Amino acid sequence: MEKAVARLNQRLTRPIQPFKLARRYDMIQRLVYDPEVTAAVFEEARSEGIPENVAFERATRYAREIVPSFSATMYFTIGARLSAWLTKLLYHVRIGAFDRDKIEKIHPDASVVFVMNHRSNMDYVLITYLTSTAGTVSYAVGEWARIWPLSGLIRMMGAYFIRRKSLGPLYRKVLSRYVKFAVEGGETQAIFPEGGLSLDGTIGAPKLGLLSYIITAAKESGREVIFVPVSLNYDRVLEDRVLIDARLSGKRRFRAPIWKVLWGVGAHLVQMLTFRFKGFGTAAVEFGEPTSLWSIKDDTPEAVAELLMARISANTPLVPVPLVARALLGGQRDRLALVRDVESMVTMLVEKGAKAPSRTAAKMVTDALELLAERGLVTEDGQKLVVAPEAEKILSFYSASISHYFNALAA
């Protein structure tokens with residue numbers, strides 16, 4: 001295995017670090033016997049009036065939950081290939097300007113952190129596909145990924161689990177120490193500062209927990225941390241209806257009825273088998289300028305989060321469906337006028353610094369209307385467009401992904 005990893009590292013831009021290859025059992029032991037975790041165990045026992053061995057078992061359970069069990073074989077022979085196949089099957093991937101030379105020039109001892117907006121669970125698959133030729137990425141994943149057998153696969157891909165709702169000081173200490181070990185070990189990570197999927201389509205306010213752990217770890221260890229902002233947008237988010245329903249219900253629960261999931265998968269399989277499946281449109285990615293933590297004047301978690309989220313927002317890709325959705329919500333019902341509206345929006349946004357789409361306005365309108373028509377959201381009567389009554393909430397969800405551009409113009 002060591003020889004195989006050595007050969008693999010020769011072709012990776014960022015070689016697999018020894019930290020990632022450590023045995024899971026050894027990492028758990030290192031974590032639970034860390035002096036700061038031990039002190040937190042004693043404090044937990046004292047504050048809750050429980051035996052120290054009970055508090056220690058609790059810390060061990062947290063460590064087992066968090067620590068991954070990375071497998072280079074699983075990552076590169078199964079994970080990377082599966083992510084490439086699934087991404088290409090479902091989407092036309094558009095990557096903005098990506099200066100690979102800048103990534104390659106990052107010092108190999110630096111810890112790289114991709115900081116992304118969270119649009120879909122497809123984000124994990126998409127970024128794994130795009131970065132697999134450069135190296136491995138360790139994701140901080142939420143509780144949705146703890147479901148068996150998905151949990152085992154995700155652990156072997158190098159992801160570590162975090163609970164969105166803190167279990168108290170002991171849990172936070174175990175998590176923060178693991179993050180510190182990862183930063184010290186030069187681990188390449190990917191985090192979603194929003195802390196969860198966007199329920200309304202907008203880019204949400206950042207949560208500072210994980211980012212603050214990374215910044216603290218960098219300062220304590222002296223390890224350089226390079227942040228790479230990544231902006232994602234889709235013509236279709238796979239779980240859009242589930243997210244919209246969660247927002248309307250006021251509960252962050254993503255448990256779609258199994259029959260709906262099976263019906264949807266089955267319908268798409270039939271389309272694939274009959275060669276009628278055309279995909280879900282564009283998945284667009286923009287990689288921002290790599291930025292060293294040491295180059296940021298105000299390196300408090302609040303300031304760093306604000307800076308990174310601003311860069312993510314400024315690079316949000318302009319894809320067809322959100323643009324057309326905004327025009328349709330504005331009352332536009334004529335196809336030719338829709339093209340003019342989209343062209344006007346793109347011109348205005350590009351003048352203000354947004355990245356120009358690769359397609360013409362006419363092509364984007366055609367592509368977007370085809371996707372919306374397949375879902376029964378829009379129909380055409382000659383040049384006139386008819387929007388289904390239930391379509392407004394879905395159109396609003398997609399339009400919201402670029403709404404910050406227009407909010408800035410109106411301010």
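Q: Against which elements do the buried residues of α14 pack?
A: In this predicted model, the buried residues of helix α14 are A303, V304, A305, L308, M309, I312 and S313. The elements against which these residues pack are β2 (111-116), α11 (209-221), β6 (225-234) and α19 (403-410).

Q: Which residues have the most contacts inside the largest nonpolar core?
A: Nonpolar side chains tend to be buried together in soluble globular proteins. The largest nonpolar core of this chain has 71 residues. Helix α17 (residues 361-374) gives the most to this core, with 7 residues. The residues with the most contacts inside the core are Y139, V230, V324, L328 and V342.

Q: Which residues does V342 touch, not counting residues up to four places away in sequence?
A: V342 is one of the residues with the most contacts inside the largest nonpolar core. With residues up to four places away in sequence left out, V342 touches L323, V324, A361, M364 and V365.

Q: How many residues does the other core have?
A: Another core lies apart from the largest one. Among its residues are V37, A59, I66 and V225, and its size is 45 residues.

Q: Is L82 buried or partly exposed?
A: L82 is found in helix α6 (residues 72-90). Together with I78 and W85, L82 makes a nonpolar surface patch of about 320 Å². Buried would require under 20% relative accessible area. At 44% relative accessibility, L82 therefore counts as partly exposed.

Q: What separates E184 and K180 in helix α10 (residues 169-184)?
A: Side chains of opposite charge can pair when their charged atoms come close. The side chains of E184 and K180 meet in a salt bridge at 2.2 Å, N to O. K180 is buried at 11% relative accessible area, whereas E184 is partly exposed at 24%. Because the two residues are 4 residues apart in α10, their separation is about one helical turn.

Q: How many residues apart in sequence are the parts that K219 and D299 tie together?
A: The side chains of K219 and D299 meet in a salt bridge of 3.4 Å, N to O. K219 lies in helix α11 and D299 in the loop between β8 (291-292) and α14, so the pair ties together parts whose separation in sequence is 80 residues.

Q: Is R335 buried or partly exposed?
A: R335 and E380 form a salt bridge through their side chains, at 2.7 Å, N to O. E380 lies in strand β9 (residues 378-381) and R335 in helix α16 (residues 335-351), so the pair ties together parts that are 45 residues apart in sequence. E380 is partly exposed, with a relative accessible area of 42%. The value for R335 is 18%, so R335 counts as buried.

Q: What percentage of the residues of the chain count as buried?
A: The chain has 19 helices and 10 strands. Its accessible surface comes to about 19,600 Å², of which 57% belongs to carbon and sulfur atoms. Of the 411 residues of the chain, the share that counts as buried is 52%.

Conventions
Residues numbered from 1 in each chain as written. Predicted model: local features only at pLDDT ≥ 70, side-chain atom pairs only at ≥ 80, totals over all residues. Heavy atoms only, no water. Core = buried A, V, L, I, M, F, W, Y, C linked by side-chain atoms within 4.5 Å. Buried < 20%, exposed > 50% of the residue type's maximum accessible area, 1.4 Å probe, protein only. Contact = heavy atoms within 4.5 Å. Patch = residues over 30% accessible without salt bridge, like charges linked within 9 Å, V, L, I, M, F, W, Y side chains within 5 Å. Areas by Shrake-Rupley, 256 points an atom, 1.4 Å probe, with all protein chains shown as cover. Salt bridge = Lys/Arg side-chain N within 4 Å of Asp/Glu carboxyl O.
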